[in-house]
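Please look through the structure below before reading on. The text after it is meant for someone who has not seen this chain before.

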Amino acid sequence: GITVNSQSSHVTQEEIAFEYAIQYFNTQLENLYNISIDVKMARINTDRLASIHDAICQQVDHKAIAIFGPLVKYDIHPSMIVHLCKSLNLPYFSIDNRLIDKDDTTFVMAPLQDDIDFMTTEITKRFKWRKIAIVFDEMHRIENLINDVYTASWDMQFYFVDEAANKMQKKLEFNKALNMIKQQDTTHLLIKCRDDSTAILLDEASWSISSSDIDSVYRGMETQPGDAIITTLRLNPIFERRFVKIEQEILSRYKSRNALTSNSNITKLQVSARLIFDAVEVMVDIIDKMYALYRSVNLLTNPNLMPNCTINKPFTYHEVIELIQRVKTRGLTGDIQFNSYRKRKGYRLEIIQSTFKNILSTPDIIATSDGDSNSIQWPYNIDNKKLKIVTVLAEPFVFKKDYHFITGKSSYQGFCIDLMNAISEIIGFEYELQLSPDGQYGSQLSNGHWTGMAGQLQDHLVDAALGDFTISRQRQTVIEFTVPFFYSHTAILIRHPGQKQPDMFQFLYPFTIDVWIAVVAAAVGVSLLLSWYNWLSPYSWGNINDMARQAGIDQTIGNSTWFTSAALLQQGCESTPRGVSSRILGLSWWFFALIIAQTYTAQLTAYLSLTQVKSTISSISQLVKDQQFQVGVINGSQTADYLKYSSSIHHQLWQKIQRSHTLFHDAAQGIKRVHDGSFAFLLDQPKAQYSIARVPCDLMIIGKPFNHNSFGIGLPLNSAYTRNMSLAISRLKDRGYLEYLKKKWWEDRG
């Protein structure tokens with residue numbers, strides 16, 4: 001890693017992220033391949049350009065296989081590092097988005113300034129900001145805006161602020177510029193400055209900030225800018241659990257290392273820190289691929305191939321550059337890929353808008369852009385239309401929270417509410433919820449009309465239907481669905497039968513009755529054989545010693561039975577066989593008794609350590625035949641339709657339901673009936689799993705899964721919202737947000 005010498009003890013987030021990434025991936029590589037990677041940090045003096053050459057060569061001497069940095073924003077331009085790495089044919093990962101002369105060894109992790117300038121220009125076009133003030137600190141930041149043919153007729157006022165000025169001088173220049181802007185009655189201000197300069201400039205107006213790292217701007221501010229409307233860019237946030245944990249650990253280390261100099265309220269990691277972590281991940285992915293190809297990484301560490309600054313020898317292993325260019329992995333900033341020009345592709349930028357108070361937490365997402373497409377996806381309904389959405393109460397998808405203390409209206413929470421909130425942020429709309437009038441999802445009547453939420457959509461009374469709304473062929477004839485956001489199947493929920501009462505004969509349970517009969521028969525047979533051998537053998541106790549016979553230690557039938565019984569119970573015996581034939585038989589019986597005793601002990605231990613459950617039904621066929629168990633289902637649900645029109649054993653369940661009149665209004669009624677006992681309730685697996693984890697924890701699922709299905713958001717036929725909502729759901733899947741919601745509403749609430 002390349003960083004800058006500093007007089008203070010402050011350690012940047014980029015440096016912490018680089019050190020953490022090396023340690024994090026080193027553990028994985030050691031466990032998988034017994035390969036170790038180390039942190040090597042070289043420092044540069046900004047007032048001495050030769051120190052850049054010295055720092056690179058210092059890393060080469062330490063057998064570096066890639067260069068990362070600079071790990072401090074803006075303090076040094078990466079162009080000289082690019083030149084040196086090119087001469088050494090060494091991979092270089094830059095997190096600086098300023099324009100550089102890219103070559104075959106430089107990979108730019110950050111969105112390029114060209115892409116950000118393009119999106120900035122598109123924003124001003126979209127909102128028709130014909131009169132705009134532009135504050136900039138470097139000429140290259142405004143070149144694209146000036147040269148764009150569409151902006152040639154605009155009334156643009158330019159104000160230059162020297163980036164080399166100190167903080168006080170910048171404040172004076174900004175105040176002067178702002179006074180001039182106010183005199184011109186200009187309310188739209190485009191800021192194209194470094195993050196620290198942007199933090200000084202924020203004030204009350206409509207703003208467009210040309211930066212993808214709004215978090216670093218926030219940390220540089222001393223005061224809040226009031227109700228200014230801010231429009232800016234951000235990299236698409238990733239909600240995958242492991243990435244969230246990584247960011248939290250890096251922030252924790254950053255705060256502990258900078259306890260005296262950092263803001264303890266920092267909750268987000270800078271984009272540049274996330275980029276440097278992802279850069280390390282790319283190289284680790286290359287090491288992994290090389291090991292998969294060659295079963296070693298000797299080509300990366302071979303002294304004959306390594307670069308050498310002294311003799312100006314380049315890294316002669318060229319395949320590593322090709323492998324990086326073909327890399328496809330996923331990190332803290334999303335998908336990581338490179339195009340043929342080694343420019344980052346696959347990432348996604350969001351255009352967000354809000355007041356400064358909410359810009360980091362709950363901004364409005366007004367558009368998105370793929371990083372390598374130079375196109376922006378503007379939703380057609382950017383005018384914040386309010387949608388009417390119908391729903392059905394079903395925990396944990398949708399359920400009432402409480403009443404709003406001001407409006408007096410019900411408020412709702414659940415998996416689907418969080419999902420719709422996220423979709424509304426991405427697309428840009430408001431919505432109001434209303435319950436299905438009949439509480440049903442929707443089933444077809446004999447006249448062709450539909451009940452429940454499906455009927456509401458069919459009659460165009462609402463704009464969408466939200467909940468655990470199953471996608472089915474029948475429903476798709478009258479309404480349409482988004483792409484699925486949840487996959488499910490039908491489960492059978494019954495009350496847990498409870499534990500068996502202790503049984504005085506349970507010591508017999510380790511063996512079946514057949515085994516016990518065989519053991520007893522073997523013992524009787526061996527006893528008879530021993531007494532017979534004793535009678536035939538001239539060497540038996542009784543034949544050579546009348547005193548032994550009189551003392552009762554001869555192998556009579558009684559003594560032989562006592563001998564075999566003692567062996568089974570692992571005990572000794574007064575009378576033992578004396579003849580050779582008898583001893584061979586006795587030894588064989590001892591071995592048999594040893595095996596039987598050890599097997600019995602193991603079986604008994606396992607049997608007693610398990611909680612013995614009362615027998616109950618365990619399959620659909622048993623449920624159909626069992627007259628004591630009744631069956632129920634939600635009226636108007638897809639599961640009810642499936643049973644109704646099925647031609648297999650499932651239709652017999654439907655007939656049983658009809659005979660007992662157990663069609664329920666909602667899931668809560670059916671689950672309550674299950675708690676009473678002798679009742680099986682058919683419902684979707686997510687709701688069944690959620691019910692099992694709730695107090696009093698006396699429910700269980702039986703049988704094999706059937707009726708596999710999926711949930712989607714329902715909309716009227718040919719709805720203009722279907723495509724946008726489907727794209728939003730797909731985007732949330734890619735971020736890992738749906739998995740996050742599953743954990744929140746199932747695992748964390750168990």
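The model is predicted. The chain has 750 residues, and 51% of them count as buried. Its secondary structure consists of 26 helices and 28 strands. Taking contacts between residues at least 6 apart in sequence, 67% join residues at least 24 apart. The accessible surface of the chain is about 36,500 Å², and carbon and sulfur atoms account for 52% of that area.

Helix 1 covers residues 13-33, which makes 21 residues. After helix 1 comes Asn34, with a positive phi near 60°.

The next topic is the space inside the protein. Rolling a probe the size of a water molecule over the atoms shows where empty space is left. Searching the whole structure gives four cavities of 30 Å³ or more. The second largest cavity holds about 90 Å³ of space. Its lining is made up of 13 residues, and those closest to the centre are Ser637, Gln638, Thr639, Asp684 and Lys687. Strand 24 (630-634), helix 21 (638-645) and strand 26 (679-684) are the elements that each give two or more residues to this lining. Strand 26 has the largest share, with three residues. Sorted by class, the lining of the second largest cavity contains five nonpolar, four polar and four charged residues.

Two single residues can now be placed. Ser443 sits in the loop between strand 20 (430-435) and helix 14. Is Ser443 buried or exposed? Its relative accessibility is 12%, so Ser443 counts as buried, the cut-off being under 20%. Leaving out residues up to four places away in sequence, Ser443 touches His449, Trp450, Thr451, Gly636 and Asp641. Between the C-alpha atoms of Ser443 and Met453, which are 10 residues apart along the chain, the separation is 9.1 Å.

Helix 14 itself runs over residues 452-458 and includes Gln456. Gln456 has a relative accessible area of 12% and is therefore buried. Which residues is Gln456 in contact with, leaving aside its neighbours within four places in sequence? They are Val390, Gln434, Pro437, Leu461 and Val462.

Note on methods:
Residues numbered from 1 in each chain as written. Predicted model: local features only at pLDDT ≥ 70, side-chain atom pairs only at ≥ 80, totals over all residues. Heavy atoms only, no water. Helix = DSSP H or I, 4+ residues; strand = E, 2+ residues; numbered from the N terminus. Buried < 20%, exposed > 50% of the residue type's maximum accessible area, 1.4 Å probe, protein only. Contact = heavy atoms within 4.5 Å. Areas by Shrake-Rupley, 256 points an atom, 1.4 Å probe, with all protein chains shown as cover. Expected span 1.5 Å × (residues − 1). 1 Å grid on protein atoms, 1.4 Å probe; cavity = no way out; pocket = protein on both sides within 12 Å on 5 of 7 lines; lining within 4 Å. Points joined across faces, edges and corners; volume = space filled by probe spheres on them. Nonpolar A, V, L, I, M, F, W, Y, C, P; charged D, E, K, R; others polar.
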